[in-house]
Amino acid sequence: MFERLVSFSLKNRAAVLFLSGLVLVLGWSAFRAITIEAFPDPTDTQVTVITLFEGQPAEEVERQIGLSLERALNGTPGMTRLRNLSLFGLSQLTLTFADGVDGLWARQQVLERLRGAELPDGVTPSLGPSATPIGEVYRYTLKGAKGDPMLLRTLQDWVVRPMLLRVPGVADVVSYGGL
């Protein structure tokens with residue numbers, strides 16, 4: 001079989017060159033038309049609830065915001081997991097839904113249940129951007145400037161934050177720290 005293929009190729013060089021060129025052109029056009037994701041997203045639907053409670057320590061944020069929101073959101077249809085993260089002045093709840101749950105439907109269910117949360121006056125929870133877990137909250141720390149916290153905070157507020165907000169897909173930049 002292999003000998004016949006080699007024999008045919010040697011006798012019909014023009015046909016081999018034509019077929020090789022045809023395969024090259026078809027391969028190139030297929031390569032140009034294919035959509036390739038650098039990071040495919042096999043994750044479940046998630047909804048993030050972000051609540052600012054400025055100036056409060058993590059313990060107070062957890063006690064007054066996190067637990068109240070957890071009570072209000074428990075039992076949301078289709079929810080498989082609820083994760084609560086409390087930081088200084090910030091509460092972030094991440095609700096993960098079962099496979100196949102529509103993202104907009106999940107966000108609507110969360111919005112309906114948020115009305116029942118008992119929160120302190122002036123505190124309003126909001127939904128994070130409609131994004132996948134790949135686009136979660138990113139935390140970073142500025143170092144340098146000879147350790148001067150005021151200079152670092154000034155750099156954060158006037159240089160880093162405006163530059164990050166110009167990046168497509170960045171919803172918000174929340175700063176904390178400094179003096």
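Trainee: How many residues in the lining of the second largest pocket are nonpolar, polar and charged?

Mentor: This is a predicted model, in which local features need pLDDT of at least 70, side-chain atom pairs count only at pLDDT 80 or more, and totals for chains, interfaces and linings use all residues. Residues are numbered from 1 along each chain as its sequence is written, and side-chain values use heavy atoms, with hydrogens and water left out. The lining divides into five nonpolar, three polar and one charged. Ala, Val, Leu, Ile, Met, Phe, Trp, Tyr, Cys and Pro count as nonpolar, Asp, Glu, Lys and Arg as charged, and the others, Gly among them, as polar.

Trainee: Which residues form the largest nonpolar core?

Mentor: In soluble globular proteins, nonpolar side chains tend to be buried together. A nonpolar core is a set of buried Ala, Val, Leu, Ile, Met, Phe, Trp, Tyr and Cys residues joined through side-chain atoms within 4.5 Å; buried means under 20% relative accessible area, with a 1.4 Å probe and protein chains only. Here the largest nonpolar core has 18 residues, and V49, L69, L73, L95, F97, V110 and L114 are those with the most contacts inside it. The elements β1, α3, β3 and α4 each supply at least two residues of this core, and α3 gives the most, with five.

Trainee: What does V110 touch?

Mentor: Contact means heavy atoms within 4.5 Å. Leaving aside residues up to four places away in sequence, V110 touches V47, V49, L73, L95, F97 and L127.

Trainee: Where does α3 bend?

Mentor: Helices are DSSP runs of H or I, at least four residues, and strands are runs of E, at least two, numbered from the N terminus. A bend is the angle between axes fitted to the seven residues ending at a residue and the seven starting there. Helix α3 (residues 58–73) bends by about 30° at G66.

Methods
Buried means under 20% relative accessible area, exposed over 50%, partly exposed in between (1.4 Å probe, protein chains only).
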